[in-house]
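The tour below goes from one selection to the next.

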Amino acid sequence: MPKRGETEVFRITGARQGLADDVRGRQRRYVISMTVRTLSVIAAAVLWNVERHVAFVALGLGILLPYVAVVIANAGRETAPSLPSTFVPAPVRPALDAPNLKGSSDQS
């Protein structure tokens, strides 16, 4: 229960990304990976008689990227770094010192 004059402050910065946004992001990463894979296989075919070592690298990318793309796409939802508490207490104001009630004339 908040005291009189204090307000409750709630924060939502620790909320997870929505499911539809998460799926859309994973699909986008998968499509990008598959596009890079397709381009690398085409580059391997084009460069086979020109630069054989570059063609081997491109072919290696074409072989490895499907596995990496599937692993990334199926990784699941991200985990929240650390879910914050939902209640943030109001800032505490420092108290002033009590005034000196003894007069300054009492000092000898």
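**Stop 1: the loop at W48**

Select W48, which sits in the loop that links helix 1 (19-47) to helix 2 (52-73). This is a predicted model. Is W48 buried, partly exposed or exposed? Its relative accessibility is 31%, so W48 counts as partly exposed, given that the partly exposed class runs between the 20% limit for buried and the 50% limit for exposed.

**Stop 2**

**Stop 3: S33**

Move to S33, a residue of helix 1. Its relative accessible area is 16%, and S33 is therefore buried, the limit being under 20%. Which residues does S33 touch, leaving aside its neighbours within four places in sequence? Show L65 and A69: both are in contact with S33.

**Stop 4: the whole chain**

Clear the selection and colour by secondary structure. The protein chain has 2 helices and 2 strands, and their order along the sequence is β-α-α-β.

The protein chain exposes about 9300 Å², of which carbon and sulfur atoms supply 63%. Buried residues make up 13% of the 108 residues in the protein chain.

Among contacts in the protein chain with a separation of 6 or more, 75% are between residues 24 or more positions apart.

Definitions and conventions. Residues are numbered from 1 along each chain as its sequence is written. This is a predicted model: local features need pLDDT of at least 70, side-chain atom pairs count only at pLDDT 80 or more; totals for chains, interfaces and linings use all residues. Side-chain values use heavy atoms; hydrogens and water are left out. Helices (H or I, at least four residues) and strands (E, at least two) are DSSP runs, numbered from the N terminus. Buried means under 20% relative accessible area, exposed over 50%, partly exposed in between (1.4 Å probe, protein chains only). Contact means heavy atoms within 4.5 Å. Accessible areas come from the Shrake-Rupley method with a 1.4 Å probe; for residues, only the protein chains shown count as cover.
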